[in-house]
Amino acid sequence: MSPSRVRALSIAGTDPTGGAGIQADLKSFAAHGAYGMAVVTALVAQNTRGVRAVHVPEPEFLRAQLEAVSDDVTVDSVKIGMLATPQVAHEVTAWLDRQRAAGRSPVVVLDPVMVATSGDRLLDREAEIAVRELVGRADLVTPNLPELAVLVDEPRAQTWAQALDQATRLARGSGTTVLLKGGHLGGPTSPDALVGPDGAVVEVAAQRVASTSTHGTGCSLSAAVAALRPARDGWPEAVREAKQWLTGAIAAGARLEVGAGHGPVDHLHHAPGLGARPFTAQVAGLVADAVERSQDLPFVRALADGSLPVDRFEEYVRQDALYLTGYARVLARASELAPDGESQAFFARGAAACLDVERRLHEQRLARSARDGSRQGAGASPVTTAYVDHLLAVAATGSYADVVAAVLPCYWVYADLGARLRARAGDLTAHPYGDWVGTYGDEEFAALTAQARAHADAAGRSLDAAGRARMCEVLAVSCEHEVAFFDQVRPAPGPARATSDELVNAGVPA
Ligand SMILES: Nc1ncnc2c1ncn2[C@@H]1O[C@H](COP(=O)(O)OP(=O)(O)OP(=O)(O)O)[C@@H](O)[C@H]1O
Ligand SMILES: Cc1ncc(CO)c(N)n1
């Protein structure tokens, strides 16, 4: 059996701020599914603003690290970065030669690092010659324009055509494929080109991103290509994929908020679910705000202290029953769209429970009007209609995630408000609306709400930023409707404190 992942080794310097060097290489390997390993050539005290100091361990220690890896692990791919001194370059060259002599031939990508993005040197002048020797041992070398100039021992190219000409001579002379990086040219695009030893040129175009998050782009790109190459057909395939990933990583870099200089790229930008905050954590503030505003409404205050006239409570319950029939349809739609059996069953049970509640409320109303001849009241109010229409619109046009976000506030706002009212109301046995408060403030409803939140988080996990934003919008609108729903009933002044007899059947059971 072949191993499940490409085993990739970075031989490079460090960046304690994690944007360049070994640290960037390991992230880049992981971002492309490789198993990452690292041998340190130099310890660099640097950050996004510049290099402060470089410590190069003894060459013997570098050799010991390299041997520790190759004595034990089959290396499929090697990325070589900062070499610092001629001695370091010679050690790496000698190790590669020993690997080849032993019949091992990992893919070798050489990033001829000479200067950091900040402009600081990372390579001795004398080491430049030693790096030229290494080019011939690599399968791919990835110079930027200044590095290419050093490798061909000529002045820096001023145009893309001059750069291609230098790259062609380097490839022919060394027998190594060159990935020429145009990042330093300026202009609206950031073109790169693969130049083969036979002179064949494959250009890999990419949009230039207006961003200062370019610290370690060269490291990250060469590591990505090293991770991809053993699992792809050729250099063009590996480079195109890596470039596309890097362009996204540069664009997402600013949001990391790392450092005040040239910031790092976001290596994991293409895995939005990874490490991102759960959806419910993202919207918890919105829901808390809706609960705050609801609890201060005249209707809710009067409900909590029991001063609400019973006809006002009945009006609320009537609207709630009308709402629940619509809400049940939307829960059924969530069940229909659900990605797995558990969520399918959860929302189907929710729909059935709502219809049970609605039926009970309806029967109580019929019984009451038969008994005392009271009016049954009109149909759905504009406020109720607006809420139900919002839910039905999401159900008709939205994704499963959208529908789950839309139905969530009905659970969440009620559960949190119920818990507060319950705490505020004290002993419910003597409370005129004790049934209602007890139902929404109880642990069972809190558990259902926690499950609904978990389903929303699961739905949000695999979404990109736009999908998440849609969920947030839909939930925010539902929260507004929740508040408006409570606010539609004004506790009219009046003596009508509910009698216990009137209220026996008025509660809303779960
Ligand atoms: N602003 C940008 N937008 C898009 N791609 C960019 C941008 N800047 C650099 N790149 C790409 O990043 C890769 C590395 O670019 P560059 O030529 O700057 O290498 P480098 O100088 O070795 O990088 P570094 O020293 O920062 O590690 C190239 O593929 C280049 O096209
Ligand atoms: C260790 C190291 N390698 C490469 C670069 C180039 O960005 C850097 N800044 N640091």
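What follows is a set of exercises on this predicted model.

**Exercise 1. Get an overview: how many helices and strands are there, and what percentage of the residues is buried?**

Step 1: Count the elements, and you get 18 helices and nine strands.
Step 2: Now go through the 510 residues of the protein; 45% of them are buried.
Step 3: Look at the contacts with a separation of 6 or more, and you'll see that 73% of them join residues 24 or more positions apart.

**Exercise 2. Work out which strands pair with β4, and in which sense.**

Step 1: Start with strand β1 (residues 7–13), which pairs with β4 in the parallel sense over four bridges. Here Ala-8 has Ser-77 of β4 as its bridge partner.
Step 2: Move on to strand β5 (residues 107–110), which also pairs with β4 in the parallel sense, over four bridges. This time Ser-77 stands opposite Val-107.
Step 3: Trace the chain from β4 to β5: it passes through helix α3 (residues 86–101), giving a right-handed β-α-β crossover.
Step 4: Check the side chains of β4 (residues 77–80). Ser-77 and Lys-79 point one way, Val-78 and Ile-80 point the other way, and all are buried.

**Exercise 3. Describe the shells around ligand 1 and ligand 2.**

Step 1: Ligand 1 has 25 residues around it, and the nearest are Lys-181, Gly-183, Ser-190, Thr-217 and Gly-218.
Step 2: Sort that shell by type: eight nonpolar, 13 polar and four charged. Helices α7 (217–228) and α8 (235–253) each supply at least two of its residues.
Step 3: Ligand 2 has 17 residues around it, with Gly-13, Ala-20, Gly-21, Met-82 and Ala-116 coming nearest.
Step 4: Sort this shell too: eight nonpolar, eight polar and one charged. At least two residues each come from β1, β2 (35–46) and α7.

**Exercise 4. Find the largest nonpolar core and the residues with the most contacts inside it.**

Step 1: The largest nonpolar core here has 80 residues, and Ala-167 and Val-225 have the most contacts inside it. Helix α8 gives the largest share of this core, nine residues.
Step 2: Zoom in on Ala-167. Skipping neighbours within four places in sequence, Ala-167 is in contact with Leu-148, Val-178, Leu-180, Ala-193 and Val-195.
Step 3: Look for another core, lying apart from that one: it has 60 residues, including Val-283, Ala-321, Tyr-327 and Cys-410.

Technical notes. Residues numbered from 1 in each chain as written. Chains lettered and ligands numbered in written order. Predicted model: local features only at pLDDT ≥ 70, side-chain atom pairs only at ≥ 80, totals over all residues. Buried ≥ 20, exposed ≤ 12 C-beta atoms within 10 Å, placed from the backbone. Pairing = 2+ DSSP bridges. Right-handed = clockwise from strand over helix to strand, strands pointing away. Near = placed C-beta within 6 Å. Nonpolar A, V, L, I, M, F, W, Y, C, P; charged D, E, K, R; others polar. Contact = placed C-beta atoms within 7 Å. Core = buried A, V, L, I, M, F, W, Y, C linked by C-beta atoms within 7 Å.
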